[in-house]
Amino acid sequence: MKPSTAHNHEEDDGHSCCEHEGSAQTSASAKSAGGGTIYTCPMHPEIERDQPGPCPICGMALEPKTISADSPEDKTELIDMTRRFWIGAALTAPVFLLAMSHLVPNAPEWLSGNASRWIQFALSTPVVLWAGWPFFKRGWRSVLTRNLNMFTLIAMGVGVAYLYSAVAMLFPGAFPASLTHHGKIGVYFEAAAMITVLVLLGQVLELRARSQTGTAIRSLLNLTPPTARLVSNGAERELPLEEVKRGDHLRVRPGEKIPVDGKVIEGRTTIDESMLTGEALPVEKMSDDKVIGGTLNNTGSIIMEAERVGNETVLAQIVQMVSEAQRSRAPIQQLADKVAGYFVPAVLLAAAITFFVWLGIGPEPRLAHAIVNAVAVLIIACPCALGLATPMSIMVGVGRGAHVGILIKNAGAIELMEKVTTLVVDKTGTLTEGKPRVTKIVTAGQMSEEEFLALAASAEQQSEHPLAAAIVMSAREKNIPLNKITEFRSTTGGGVFATTERAKILVGQPAFLRENGISGFETFEEQARALQNEGQTVIFVASDDRLAGIIAVADPIKKSTPEAVNELRRMGLKLIMLTGDNERTARAVAKKLGIDQVEAGVAPKDKHQRVQNLRGKNSVVAMAGDGINDAPALAAADVGIAMGTGTDVAMESAGITLVKGDLNGIVKAIHLSKAVMRNIRQNLFFAFVYNALGIPIAAGLLYPFFGILLSPIIAGAAMSFSSVSVIANALRLRSVQLS
């Protein structure tokens with residue numbers, strides 16, 4: 001393998017090669033100076049190479065930092081290891097059978113003679129020196145770099161067993177007669193070959209699992225169509241997706257996928273957004289509604305305006321977040337790394353002690369027993385499973401989260417989420433829908449609600465005020481036709497005056513209407529006051545100089561919020577609302593939801609300070625928000641949680657993004673965190689405790705009492721079983737229940 005240089009982030013004058021300049025740009029670290037892909041280690045992200053291979057610290061296979069739909073999947077190492085495994089397994093099978101032939105009753109004499117030993121030597125040599133050569137290279141590199149890892153143990157164990165046997169075969173006279181058994185020196189070619197093949201099997205399983213991760217990410221990228229239909233100067237033509245620019249008008253026909261993120265400018269349709277939100281029901285889209293690249297257009301033909309293209313799209317950001325999260329390490333991994341740093345030297349010391357104890361006081365042949373038991377210690381203690389324990393759980397957990405709309409940006413968020421004691425929430429867009437809607441209509445009795453709403457919406461249709469938009473949207477949702485406006489005037493902070501063919505209309509605050517000669521407010525005062533106490537804004541409407549009624553407009557609480565708040569409180573979390581909205585509205589929402597602590601009128605910098613203060617009180621704080629004003633607080637929290645319906649800045653500042661943008665996602669995220677961390681702890685148990693128990697047995701602790709010795713072959717099989725146990729345990733997360 002051609003050597004390359006490892007780069008350390010800390011030596012780059014403080015500039016991380018993983019920094020992003022916004023979601024629209026590809027990470028500069030993803031490409032080398034020559035334009036090639038940069039590969040990094042999942043456990044040691046400071047390692048960066050310009051080609052695949054093993055990590056010089058832990059020996060794990062390096063992975064590409066970015067994956068694109070058109071980039072070919074690099075399976076070079078998987079193919080190489082698979083070929084070594086199958087050839088090695090084919091050569092090892094007869095070696096193993098020949099070595100075990102002495103257990104067969106009435107076996108031919110040649111099976112235990114010199115011919116059998118020479119066949120074992122001939123077949124095991126390519127297994128060890130060719131199939132197992134990558135392990136010797138990695139083991140030697142670990143010694144040179146002083147980063148002892150599992151390959152240090154593998155290389156030593158296999159090397160010692162093979163060299164001892166080879167010397168015994170080629171130079172039997174070099175051994176004292178006391179080491180002979182039935183006139184021959186014992187050989188352990190089968191142990192060296194079997195261990196090599198078992199470790200190769202573990203490598204193939206690991207590489208295949210990581211290859212499937214890359215395939216899953218490519219399948220996400222392939223959700224977008226390869227081409228788009230550009231509408232320009234009245235003509236339509238197809239062009240490659242990468243040539244679509246912001247501002248382009250694109251035609252999307254029924255049954256086609258939305259090519260990029262944007263908004264509908266012409267037409268009406270329903271879109272299947274299940275791949276993004278998990279919702280089975282299609283969502284109706286009309287003019288100015290947002291559409292997401294990769295979702296499926298169902299019924300109508302629309303023209304959309306491209307707003308986000310390339311790496312800016314929601315789908316591209318999801319892929320980037322999933323990719324980064326699957327490479328990131330949870331803080332618990334730091335403990336595992338630290339323990340491993342002491343574990344390997346301790347194992348080497350245990351093997352040395354085993355060797356000298358057996359050599360000094362063991363039964364004859366002492367040297368053979370000393371070597372065999374020392375090799376068994378090296379093999380069974382090999383922490384192969386340690387390299388998989390945390391990354392496998394993180395990888396599967398991140399995928400499970402993405403499946404239910406929980407996008408995890410870094411592994412640290414998974415670990416901390418289970419420890420959260422305080423949840424700080426923004427109001428608008430987090431607890432509420434984030435856009436005002438008509439909640440109540442009260443008329444004077446002269447006209448129906450539909451007629452009254454048509455009157456108000458007709459007057460407001462030319463206004464740009466958000467409350468006016470809510471009234472107009474309510475009329476459109478009820479398919480109420482609007483009257484043509486012949487005259488329109490707007491007064492800032494007051495209201496609007498409009499004339500239709502049927503009436504003169506005034507819509508606005510009481511003072512504005514009074515100034516224009518309207519009276520009779522007493523009829524609605526009590527109802528208006530009650531609605532205002534609930535945090536709703538009341539708008540008065542007059543027609544032909546008479547008060548016609550009132551309209552209440554509010555940002556409604558999301559349907560899922562009450563249930564989620566109750567569940568979060570049941571889980572023992574302290575809930576705090578921090579909002580920039582006015583106190584009356586904030587307290588009305590808090591009262592409905594049963595949130596005790598409320599702070600209203602809080603500026604963005606103050607939100608940040610409040611969160612920092614909470615963390616200083618030994619609380620593990622999660623912050624949920626959706627706006628630019630929430631970004632500082634999201635970054636300051638132990639875990640920042642962004643609503644997927646919010647802004648890019650919020651999502652960039654958060655460790656977790658909830659695609660559907662409701663608090664039920666937080667409940668699921670906590671359950672996922674607990675499941676993943678429980679899984680990691682189980683895996684670390686398999687990796688460490690198993691080895692700790694196996695070392696004394698391999699060293700011969702049971703021999704004085706029961707005459708039992710652990711063969712290096714059994715030690716190798718047990719070591720491989722430990723890795724398989726970790727993988728199987730991690731895969732259980734795919735079906736974990738999060739509700």
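The chain exposes about 34000 Å², of which carbon and sulfur atoms supply 56%; accessible areas come from the Shrake-Rupley method with a 1.4 Å probe, and for residues only the protein chains shown count as cover. This is a predicted model, in which local features need pLDDT of at least 70 and side-chain atom pairs count only at pLDDT 80 or more, while totals for chains, interfaces and linings use all residues. Residues are numbered from 1 along each chain as its sequence is written, and side-chain values use heavy atoms, with hydrogens and water left out.

Of the 739 residues in the chain, 51% are buried (under 20% relative accessible area; exposed is over 50%, and partly exposed lies in between). The secondary structure comes to 23 helices and 27 strands, taken as DSSP runs numbered from the N terminus (helices: H or I, at least four residues; strands: E, at least two). Among contacts (heavy atoms within 4.5 Å) with a separation of 6 or more, 67% are between residues 24 or more positions apart.

Helix α2 spans residues 114-131 and holds tryptophan 118. Tryptophan 118 counts as partly exposed because its relative accessibility is 43%. Together with Val167, Leu170 and Phe171, Trp118 makes a nonpolar surface patch of about 380 Å².

Threonine 125 is also found in helix α2. With a relative accessible area of 19%, threonine 125 is buried. Its side chain is joined to that of tyrosine 162 by a polar contact of 2.8 Å; such a contact is a pair of N or O atoms within 3.5 Å, where within protein one must be able to donate a hydrogen and the other to accept it, and residues adjacent in sequence count only if both atoms are side-chain atoms. Neighbours within four places in sequence aside, threonine 125 is in contact with Trp130 and Tyr162.

An open sheet is formed by six strands in the order β7-β6-β8-β14-β9-β12, with antiparallel pairing. β7 (235-240) and β12 (290-291) stand at the edges with a single partner strand each, so one side of each has no neighbour in the sheet. Two strands pair if DSSP finds at least two bridges between them; β9 (residues 261-266) and β14 (residues 302-308) pair over five bridges. Valine 264 has methionine 304 in β14 as its bridge partner.

Threonine 430 lies in the loop between β16 (422-425) and β17 (437-443). Threonine 430 is buried, because its relative accessible area is 0%. Leaving aside neighbours within four places in sequence, its contacts include Val425, Lys558, Asp626 and Leu663.

Technical notes. Patch = residues over 30% accessible without salt bridge, like charges linked within 9 Å, V, L, I, M, F, W, Y side chains within 5 Å. Salt bridge = Lys/Arg side-chain N within 4 Å of Asp/Glu carboxyl O. Buried < 20%, exposed > 50% of the residue type's maximum accessible area, 1.4 Å probe, protein only.
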